[in-house]
Amino acid sequence: QLKQQVVTPRQLDVLPLFQSQFKRGHSQRVSEQRVAVFAEHMTDQELMTVLNKLYPRLLKDPGATALYLFSYSNEQAGMVGRVFADFRKQHDGEFILSADEFDPGENKLEAAEMPPLLKIKQQRLVSNADVLTALDKIRLLIMWGQPDEFMSMAAVSVGIPILQNMASAELDNHHNGLLCHNWDELVAGVAYYLDSLKNWNNSLVYNVKLLNKYSEANLLKRWQKYLEEDED
């Protein structure tokens, strides 16, 4: 709506709804690499595909990677729950989410025979504080379906690279994330950032520079420039 009211065509900046100050996350302080999937704009089929694409990595080294499924609305949170329930049925007996689920049974199976213990958690984010807290220890964010400016800016604020299938103002391809055109590129992107700390650190540095343009001083300069152009 605002773009329609602007007489002179120009790129409009999205203002963060929280303080525009870089607040580096603490994902490097935890041993596991936490991957977040933002499912608010995803279909059930897309979410199921993402789960199946990430599943081999989770199984390969259960203690190294954790998966978090985020959403905003009750409706999407319900969808996430249903899809994950179906996912567990498809892989029944292949993994557990808690040691309490393991029953050695009559044969008294050894602990070494226990199915892989995976860490997959679902969380509904209901406030700005929830988003920033949830992302604090996340290493990589996956977004699919359509842009979400607030979630993207929150990721930039804590230095998290983003993998997504749509262009957005907050993502600079191959700098602070990757634009993935298909599922194979998504899988490759996960490896790109989780298998190489160098790539992750480069994204962190770029996000610091990107967020700087939203500082109070820089935004004031840009508005002054726009106003001067309109006066002319």
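**A parallel sheet and its surroundings**

His174 is exposed, at a relative accessible area of 53%, which places it above the 50% cut-off for that class. Please keep in mind that the model is predicted.

**Around His174**
- You will find His174 in the loop between strand 5 and strand 6.
- Between His174 and Asn199 lie 25 residues in sequence, while their C-alpha atoms are 9.2 Å apart in space.

**Strand 2 and its partners**
- Strand 1 (residues 33–38) and strand 2 (residues 65–71) run parallel and are joined by six bridges.
- Within this pairing, Ala36 stands opposite Tyr68 of strand 2, and Val35 has Leu67 as its bridge partner there.
- Strand 1, helix 2 (residues 44–60) and strand 2 together make a β-α-β unit, and this unit is right-handed.
- Six bridges also link strand 2 to strand 3, again with the two strands running parallel; here Ser71 stands opposite Arg124 of strand 3.
- In a regular strand, side chains alternate between the two faces of the sheet.
- Both faces of strand 2 are covered: Thr65, Leu67, Leu69 and Ser71 are buried on one side, and Ala66, Tyr68 and Phe70 are buried on the other.

**Helices against the sheet**
- Which residues of helix 4 (residues 128–135) are buried? They are Val131, Ala134 and Leu135.
- These residues cover an arc of only 90° around the axis, so they sit on the same side of helix 4.
- The general rule behind such a pattern is that an α-helix has 3.6 residues a turn, so residues three or four places apart point the same way.
- Among the elements covering the buried residues of helix 4 are strand 2, strand 3 and helix 5.

Notes:
Residues are numbered from 1 along each chain as its sequence is written. This is a predicted model: local features need pLDDT of at least 70, side-chain atom pairs count only at pLDDT 80 or more; totals for chains, interfaces and linings use all residues. Side-chain values use heavy atoms; hydrogens and water are left out. Two strands pair if DSSP finds at least two bridges between them. Helices (H or I, at least four residues) and strands (E, at least two) are DSSP runs, numbered from the N terminus. Buried means under 20% relative accessible area, exposed over 50%, partly exposed in between (1.4 Å probe, protein chains only). The arc is that of the directions from the helix axis to the C-beta atoms. Contact means heavy atoms within 4.5 Å. A crossover is right-handed if, with the strands pointing away from the viewer, the path from the first strand over the helix to the second runs clockwise.
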